[in-house]
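The sequence and structure are shown first.

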Amino acid sequence: MNFLYEPWPWYVAGPLIGITLFLLLWVSNKNLGISSSFRHVCAACVPANISFLKYDWKAEKWNLIFVLGVFLGGVIAWNVIGHPELIAISDATIRDIQKLGISHESGLLPSSLISFESFITWQGFLFMAIGGFFVGFGTRYAGGCTSGHAITGLSHLQWASLLAVVGFFAGGLVMTHLIFPLIF
């Protein structure tokens, strides 16, 4: 049971993800992804006359069940396995974000950056609302999110996914080293 409490090494988790992708494609001819579920939820819940949302979303309900399973699995894991200690962030990372003027108290995300109080500042609004819009738009424009392209797309040897992953990485570097210091 102790193996559930520890992070699994890459040589265990990576092949398990690969086998899952292979089985999903081989057994059901489906691609694993999660960002497309937002479109399915909108198509199911928004009765608007929008061409982007006019399709048979019920044919993709397996994806919604997968998302529900991910959520419930997280809830069960949190309550059964627990979290013996908070997420550890390296001292170098903490020093880097402090150089940008962002304080870090504990946990994965700095509350001075991700909180309601920071959202009502112009930097927080720019970071969360405008940044969130660009992430959502980019995900739909690219036909998938970072994990969808990096895991599923690259495992299928798709050229478009390789370009998307390179673009995501380059965008992250530009945001971190050029734009982020201008905002904060």
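## Largest pocket

The lining of the largest pocket comprises 11 nonpolar and 8 polar residues, with no charged ones; Ala, Val, Leu, Ile, Met, Phe, Trp, Tyr, Cys and Pro are classed as nonpolar, Asp, Glu, Lys and Arg as charged, and the others, Gly among them, as polar. This is a predicted model, in which local features need pLDDT of at least 70 and side-chain atom pairs count only at pLDDT 80 or more, while totals for chains, interfaces and linings use all residues. Residues are numbered from 1 along each chain as its sequence is written, and side-chain values use heavy atoms, with hydrogens and water left out.

The volume of the largest pocket is about 630 Å³. Of its 19 lining residues, G131, F134, V135, G171 and M175 are the closest to the centre. Two or more lining residues come from each of α6 (122-141) and α8, and α6 provides the largest share, 10 residues. A pocket here is an open set of points on a 1 Å grid over the protein atoms alone, where a 1.4 Å probe fits, with protein on both sides within 12 Å along at least five of seven lines; lining residues have an atom within 4 Å of a point.

## Second largest pocket

The second largest pocket has about 320 Å³ of volume and 21 lining residues, with N31, L32, G33, S36 and G143 nearest its centre. Elements giving two or more residues to this lining are α2 (36-45), α3 (61-80) and α7; α7 gives the most, with 4 residues. By class, the lining of the second largest pocket holds 4 nonpolar, 15 polar and 2 charged residues.

## Packing of α7 and α8

Helices α7 (residues 146-155) and α8 (residues 159-183) pack at about 145°, and their axes are 9 Å apart. Residues T146, H149, A150, G153 and L154 of α7 meet S161, L162, A164, V165 and F168 of α8. This contact has 6 nonpolar, 4 polar and no charged residues.

## Leucine 25

L25 lies in helix α1 (residues 10-28). Is L25 partly exposed, buried or exposed? L25 counts as partly exposed because its relative accessibility is 32%, between the limits for buried (under 20%) and exposed (over 50%) with a 1.4 Å probe and protein chains only.

Apart from neighbours within four places in sequence, L25 is in contact (heavy atoms within 4.5 Å) with K30, N31 and H156.

Methods. Axes fitted to C-alpha atoms, helices over the stretch in contact; angles between N-to-C directions. Points joined across faces, edges and corners; volume = space filled by probe spheres on them.
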